[in-house]
Amino acid sequence: MQIKGVGISGGIAIGKAYKFQPLEIVVEHKCCEEGCEDEQQLRCDLAKKAAKEQLAALTEEMKNQPDKAKIFAAQQEFLEDEEIDEMIHDAVYYEHYSAEWAIESTYDQFIKIISKSKNALIAERAADLRDVKLRLLCFLTGKKKKDLKHLPENSVIVAKDLLPSDTAEMDRENVAAIVTEEGGSTSHSAIIAKSYRIPAVLGAVGAMSQVEDENLLVVDADEGIVEISPEASLLENYKERKTVADRDAEIAESWAGKPAYTADGVPICAGINIGSHKNTDGYENCDYAGLLRTEFLYMDSNHLPTEEEQFNIYKTILQNMKGKPVTLRTLDIGGDKTLKYKELPKEANPFLGRRALRLCFDEPEIFRTQLRAAYRASAYGKLQIMFPMVGSIDDWRKARDFALAVRKELENEHIDFDRELKLGVMIEIPSAAIIADKLAREADFASIGTNDLCQYLCAADRLEPSVKDYYQTYSPAFVRVLGHIIKQFTLAGKEVSVCGEMAGAHTATALLAGLGLRKFSMAPSSLGKVKYTLSKYTIEQCEQIAAMACNAETQADVMEILEKEAKKRA
Ligand code: PEP
Ligand code: MG
């Protein structure tokens, strides 16, 4: 039997089910006698004080694990909330509720409101409220919370949902995987599973009723599948996949923190793509951030982010990157990326429409606000700015002039910024790729967006499964275009990076290095595998591979060349 959900952390785990049902406290809904309000309020106050102390201690205990410490610090905020305090007070004094009932009813009202929020990040804070409520009720009733501190070896925890405190304190050594009926990719369970790299399937509806304690489970976090008591042949198949996946993960793990060099000692800059300021994965292991996708800021918000909001977030990222260069890409909205609070024009072909820079030109205030925030933040680290969807020299100059005008504005206002700040282009439209020599003369640097460049070059929608065979990142045509861009920028003495998915695909590593690429920016989870792959090839070998690929006739031919070379080094 199989259950589907959302896979988190990736990987495959095989283990025995450990069903976890946390303590539920049933509160008696009985009014207390008149006159005992002060006593009930005092009990609420004492419970709150104890909970605060416990949470402060937990925050301190987790201080070396900031992700987890943040959870408990955030929970303390609920205990400081005046509205919550007021409602508890009113329930005690006007409704004559007992302390337990007042706390339960107040927290339940907030949980109900928050969990209905359309914003997943807010909705998932309901788990924190439940956690705090349980902590307070435990204190009042003297009951002890069940926990996951001691588990049998190789357990797959199966639960309706896990409260943040359950996961933070769990016996990590013995957890093979996590399966929950609730929770999504932004839930606390997901954050914890990712930070410990525990394969998890969340939102696995029906798990609690279909799984029995000690059932053998296969958790495939790559596909978001849980197999319950699988048949022998399926289990064997998973075991084989697990062996390969574990080996890959081990290699990646051991290489992630090393500097990147080819086998003959040529240094390569290994960068990360940042999709949110909340996730600092890879900051330690990278040399730079080749792509900061700023649209997350606009998409996570319910209004256009203000200059101040943006400034604070960019500044935080720069400070966390501790002086390593961060390449901020200006707003890339349109195409498949929409904003819930701003109507974008309906277009028959949004990927060919008013996307990214084109939208910014039409809405200069949005563009100006972002550029002001970025320039101001540049005083706090090493920032560079690049423009997406540049299709011509005109686009580039217009964007550059916009930035220079903002720069002038800040100068006039005597606001500090980095005067060395570089401006670059993303090369992701074929018309820009073809005139790479011209762009290289004017722009400070380039970053190749292989995801879009391939869709526009091959005329195949990057999101449309039915044309995936036409979307050919290994076709000789695409390889030649990449070679052309890299060569032109290198000849001009300007830096060129790849920040599309291809930079993180270890199958493409030698090819890209052979085309002359020395800067690769990728998802943090790919760093290890790419660094390891680079270490197996000399630059001369890479160049031979690239030459063969450019002269090949079909994508299949190129892939065969790459596979053959990889096998020699497996
Ligand atoms: C790209 O197009 O390769 C790129 C990095 O940008 P995005 O995937 O965000 O469009
Ligand atoms: Mg793109």
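Contact here means heavy atoms within 4.5 Å. Helices (H or I, at least four residues) and strands (E, at least two) are DSSP runs, numbered from the N terminus. These close-ups come from a predicted model, in which local features need pLDDT of at least 70, side-chain atom pairs count only at pLDDT 80 or more, and totals for chains, interfaces and linings use all residues. Residues are numbered from 1 along each chain as its sequence is written, chains are lettered from A and ligands numbered from 1 in the order in which they are written, and side-chain values use heavy atoms, with hydrogens and water left out.

**View 1. Helix α14 meets helix α15.** On the α14 side, look for P364, F367, R368, L371, R372, Y375 and R376; they meet A399, F402, A403, V406, R407, E409 and L410 of α15. That contact splits into nine nonpolar, no polar and five charged residues. (Ala, Val, Leu, Ile, Met, Phe, Trp, Tyr, Cys and Pro count as nonpolar, Asp, Glu, Lys and Arg as charged, and the others, Gly among them, as polar.) Helix α14 covers residues 364–377 and α15 covers 393–412; they pack at about 60 degrees, with axes 9 Å apart. Axes are lines fitted to C-alpha atoms, for helices over the stretch in contact, and angles run from 0 to 180 degrees between N-to-C directions. The two helices are therefore oblique to each other. (Angles under 35 degrees count as roughly parallel, over 145 as roughly antiparallel, 65 to 115 as roughly perpendicular and the rest as oblique.)

**View 2. Helices α4 and α6 side by side.** Here α4 (residues 99–115) packs against α6 (residues 126–141) at about 175 degrees, and their axes are 9 Å apart. That makes the pair roughly antiparallel. Among the residues in this contact are I103, Y107 and F110 of α4, along with L129, V132 and L136 of α6. Sorted by type, the contact has twelve nonpolar, two polar and five charged residues.

**View 3. The eight-stranded sheet.** Follow the strands of this open sheet in the order β1-β8-β7-β3-β4-β5-β6-β2, and you'll find mixed pairing. (Two strands pair if DSSP finds at least two bridges between them.) At the edges sit β1 (2–4) and β2 (6–8), each pairing on one side only. Ignoring direction, neighbouring strands are turned by 30 degrees against each other on average. Helix α10 (residues 232–256) lies across β3 (12–20), β7 and β8, running at about 115 degrees to β3.

View 4. Strands β4 (residues 155–159) and β5 run parallel, joined by five bridges, and I157 stands opposite I178 in β5. Six of the six residues of β5 (residues 175–180) are buried, so this strand is largely enclosed by the rest of the structure. (Buried means under 20% relative accessible area, exposed over 50%, partly exposed in between, with a 1.4 Å probe and protein chains only.) Strands β7 (residues 216–220) and β8 (residues 225–228) run antiparallel with four bridges; L217 stands opposite I228 in β8.

View 5. T330 sits in the loop between β12 (326–329) and α13 (357–362), and is buried at 1% relative accessible area. Leaving aside residues up to four places away in sequence, its contacts include F367, L371 and F387. M389, in the loop between β13 (383–387) and α15, has a positive phi near 60 degrees without being a glycine. M389 is buried too, at 1% relative accessibility. H414, in the loop between α15 and β14 (422–427), isn't a glycine either, and has a positive phi of about 60 degrees. At 74% relative accessibility, H414 counts as exposed.
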